[in-house]
Protein chains: 2
Amino acid sequence: MNQTETSVKIVLDRWDASIKNLDALLNNLSDATLLREIVPGKNRGIYLIGHLIAVHDDMLRLLDMGEKQYPELFEPFIKTPDNVNTPMPSITDLRKMVNEQSVYLKQKFDKLSANDWYEKHTAVTTEEFNSEPHRNKLNIIVTRTSHLQYHLGQLQLLK
Amino acid sequence: MNQTETSVKIVLDRWDASIKNLDALLNNLSDATLLREIVPGKNRGIYLIGHLIAVHDDMLRLLDMGEKQYPELFEPFIKTPDNVNTPMPSITDLRKMVNEQSVYLKQKFDKLSANDWYEKHTAVTTEEFNSEPHRNKLNIIVTRTSHLQYHLGQLQLLK
């Protein structure tokens with residue numbers, strides 16, 4: 001295994017493990033619990049789940065892997081802060097999306113070679129990328145794993 | 001910049017940004033707030049700060065960078081769950097340690113070349129490392145950044 005392959009494995013392993021943590025945690029939280037605010041006045045569990053699905057859905061665009069699966073989640077879970085009056089999918093539906101999404105993203109990720117991960121993502125121009133080659137697809141996984149862990153720490157407090 | 005250098009930059013940039021997030025957050029939280037439980041029955045802010053310092057201190061050992069700076073934090077902040085009866089340093093002292101530690105670690109990290117990050121860390125044997133070359137020093141930064149983000153998400157709820 002060369003250093004490029006090793007780097008990609010380290011980053012994708014951390015993503016996979018974080019997604020497994022999310023799955024395990026959601027299996028331990030009831031629908032009623034997920035409707036609670038984690039701390040009074042802060043996000044509810046349901047919002048964080050929808051937010052994570054929406055942010056991960058946007059990775060498809062950034063990684064040039066095709067259309068979003070759940071574009072309807074952008075408005076309630078990214079554009080809008082948590083609000084009990086926002087129409088949202090049911091927790092049952094969100095749980096299903098989390099499971100489908102992790103399989104779907106894994107299939108997409110598996111198609112890339114180690115070198116492919118060092119290509120530019122779609123939110124950077126070719127000119128920018130030439131001087132900043134770290135703005136590659138691998139970086140998207142690194143920052144999204146970081147974001148996922150941040151919210152996992154919060155969801156964990158519902159247990 | 002080759003792919004090895006790019007990978008190391010991506011990982012260290014994420015660590016640096018996460019440490020900056022911690023600094024900014026702590027500057028926004030009063031000592032009184034940090035003495036509160038984030039959620040009733042869960043860790044207090046003071047515990048999470050001590051825990052992060054202790055975990056980051058242990059990176060020196062794992063990365064073969066010399067002795068721990070704050071070995072006295074292992075007992076109250078890693079071995080023991082949060083407990084108001086545990087003797088702990090003051091929040092003033094912990095804030096000072098966070099600042100000193102980030103400078104100290106950065107100095108140590110800066111001494112390594114990109115290739116050095118692909119050497120084995122000290123908690124893996126040479127035999128294990130030969131078959132699992134991803135258990136390298138860079139991986140320590142990836143997992144500790146993940147851990148830091150997890151607790152940053154929790155500390156953020158004190159705001």
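Ala, Val, Leu, Ile, Met, Phe, Trp, Tyr, Cys and Pro count as nonpolar, Asp, Glu, Lys and Arg as charged, and the others, Gly among them, as polar. By these classes, the lining of the largest pocket has 6 nonpolar, 7 polar and 4 charged residues. This is a predicted model: local features need pLDDT of at least 70, side-chain atom pairs count only at pLDDT 80 or more, and totals for chains, interfaces and linings use all residues. Residues are numbered from 1 along each chain as its sequence is written, chains are lettered from A and ligands numbered from 1 in the order written, and side-chain values use heavy atoms, with hydrogens and water left out.

**Pocket**
- The largest pocket has a volume of about 270 Å³.
- Its lining comprises 17 residues, with A:Gly41, A:Lys42, A:Asn43, A:Arg44 and A:Asp82 nearest the centre.
- A pocket is an open set of points on a 1 Å grid over the protein atoms alone, where a 1.4 Å probe fits, with protein on both sides within 12 Å along at least five of seven lines; lining residues have an atom within 4 Å of a point.
- A volume is the space filled by probe spheres set on the points, which are joined across faces, edges and corners.

**Symmetry**
- A rotation of 180 degrees with 0.0 Å of shift along its axis superposes chain B on chain A, at RMSD 0.0 Å (least squares on C-alpha atoms of residues with pLDDT of at least 70 in both).
- The two copies are thus related as by a two-fold rotation axis.
- In chain B, the C-alpha of B:Tyr150 is nearest the axis, 2.2 Å from it.

**Packing**
- A:Phe109 touches A:Leu12, A:Trp15, A:Met59, A:Leu63, A:Met65, A:Trp117 and A:Ile141, not counting residues up to four places away in sequence (contact: heavy atoms within 4.5 Å).
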